[in-house]
Amino acid sequence: MTDTTNGSLPATASGTFAIGGDLPVARLGFGTMRLPRGTFTGPVRDPATGLAVLRRAVELGVNHIDTASFYRRGDVVANELVRQALAPYPDGLVIATKVGPMLGPDGTPSLQATPGQLRGLVEGNLRELGLDRLDLVYLRVGGRGAPGGEPLAERFAALAQLREEGLIRHLGVSNVDAAQLAEARAIAPVAAVQNAFHVHATADAGLLAECTRSGTAFVPFFPLGGGFEPIDMTRLEKTAARHGVTAAQVALAALLAASPVMLPIPGTGSLAHLEENIGAASVLLSPEDLADLAG
Ligand SMILES: NC(=O)c1ccc[n+]([C@@H]2O[C@H](COP(=O)([O-])OP(=O)(O)OC[C@H]3O[C@@H](n4cnc5c(N)ncnc54)[C@H](OP(=O)(O)O)[C@@H]3O)[C@@H](O)[C@H]2O)c1
């Protein structure tokens, strides 16, 4: 198995960041959401390809894998793919998961867990991943809209209790605004924030600045615009041509340039896209490039 702490692997070209101060990861990671299905309503994907993508990601130096028990379609369950592909896990591999959403009857994560249901969800992740302790667990709050507007203290306190019991090493929050981050921090340390963010979706720039100031990991979901706010890739092509790289690589490189605490986790079910995405770790954008992209 690959030594994921080897600093010369492609994913580490953009440097490392220690999540929670003690879990060093290559700044470019991988998200598993696209392994069971390519789109929210798309057909189930071939699990053999998912296993190959996960193994290749680790070979390329990825040691931060973001997953969730609710990333599933039919019999294909992202957490189980992670375990099948990678266990026994190599030293230094950090697996982050998230709890909060529950699958509704249509198979989409449209329901929210109560504080009392969170223990069962954490235990489910431990079982599926074959772990005794989860490295990083996010409380994912809200629906598909902009973050904010609901209290999270009771749910976060339930996770903090599980951390006290040793089931979780670090806690994170996902889809939050500044008030919710403060609410969580009043209960227990927050090692990571995971919000929607990409080169042209920067509404959370203030939250990113706060994470940068406090050394909290900022993990942008939908880094390639795979969600509800697509990226206009034509706006990236001039910069991509200047560097001889692709527009997707520019999108990821722009995130990496935005802050040392930025840890993108682009998702894909394609080996070719994976190789391309990890290649972004060695794309260095200049201040002029970044000004062009923002313009
Ligand atoms: N906390 C949350 O609420 C939340 C929400 C969503 C996602 N997440 C996490 O964030 C991770 C990243 O989000 P994501 O996977 O949805 O978004 P993304 O990286 O923005 O987009 C993935 C989409 O882009 C395509 N893609 C990937 N690489 C590409 C490339 N080089 N060129 C062209 N298309 C490419 C993928 O298709 P192919 O698969 O066909 O390559 C997929 O459709 C997820 O995997 C998940 O772990 C968290």
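This is a predicted model: local features need pLDDT of at least 70, side-chain atom pairs count only at pLDDT 80 or more; totals for chains, interfaces and linings use all residues.
## A pair of partners in the sheet

In β11, Leu171 is the bridge partner of Val137.

How many of the 7 residues of strand β10 are buried? The count is 7 of the 7 residues, spanning 134-140, so this strand is largely enclosed by the rest of the structure.

Now step back and follow the strands across. They belong to an open sheet of 7 strands with parallel pairing, in the order β3-β4-β7-β10-β11-β12-β13. At the edges stand β3 (30-31) and β13 (217-221), each with a single partner strand, so one side of each is left without a neighbour in the sheet.

For β3, the partner is strand β4 (residues 64-66), and these two pair in the parallel sense over 2 bridges. Gly31 stands opposite Asp66 in β4. As a reminder, strands of a sheet pair through backbone hydrogen bonds, either parallel or antiparallel.

Arg140 is found in strand β10. Is Arg140 buried or exposed? Its relative accessible area is 15%, and residues under 20% count as buried, so Arg140 is buried. Leaving aside residues up to four places away in sequence, Arg140 touches Lys98, Val99, Gly100, Pro101, Gln112, Ser174, Asn175 and Phe221. Compare that with Gly92: Arg140 and Gly92 are 48 residues apart in sequence, and their C-alpha atoms are 25 Å apart in space.

Asn175 sits in the loop between β11 and α5 (178-185). With 5% relative accessibility, Asn175 counts as buried. Its contacts beyond four places in sequence include Arg140, Val141, Gly142, Gly143, Gln194, Asn195 and Phe221.

Most residues other than glycine have a negative phi, and most peptide bonds are trans. Which spots in this protein are worth a look with that in mind? Asn175 is one of them, with a positive phi of about 65° although it is not a glycine. Phe222 is another non-glycine residue with a positive phi, about 55°. Phe222 has its place in the loop between β13 and α7 (237-243), and with a relative accessible area of 17% it is buried.

The peptide bond from Ala87 to Pro88 is cis, with omega near -5°. You can find Pro88 in the loop between α2 (78-86) and β7.

## The protein as a whole

Finally, zoom out. The secondary structure comes to 10 helices and 13 strands. The radius of gyration is 18 Å, close to the 19 Å that the globule rule gives for 295 residues, so the protein is as compact as a globular protein of that length. Its C-alpha atoms fill a box of roughly 55 × 40 × 40 Å along the principal axes. Among contacts with a separation of 6 or more, 73% are between residues 24 or more positions apart.

Buried residues make up 52% of the 295 residues. The protein exposes about 11900 Å², and carbon and sulfur atoms supply 55% of that area. As for charge, there are 23 positive and 29 negative side chains, and the centres of the two sets lie 2 Å apart.

How values were computed: Residues are numbered from 1 along each chain as its sequence is written. Side-chain values use heavy atoms; hydrogens and water are left out. Helices (H or I, at least four residues) and strands (E, at least two) are DSSP runs, numbered from the N terminus. The radius of gyration is taken over C-alpha atoms; the globule rule is 2.2 Å times the number of residues to the power 0.38. Buried means under 20% relative accessible area, exposed over 50%, partly exposed in between (1.4 Å probe, protein chains only). Contact means heavy atoms within 4.5 Å. Accessible areas come from the Shrake-Rupley method with a 1.4 Å probe; for residues, only the protein chains shown count as cover. Lys and Arg count as positive and Asp and Glu as negative; His and the chain ends are not counted. The place of a charge is taken as NZ of Lys, CZ of Arg, CG of Asp or CD of Glu. Two strands pair if DSSP finds at least two bridges between them.
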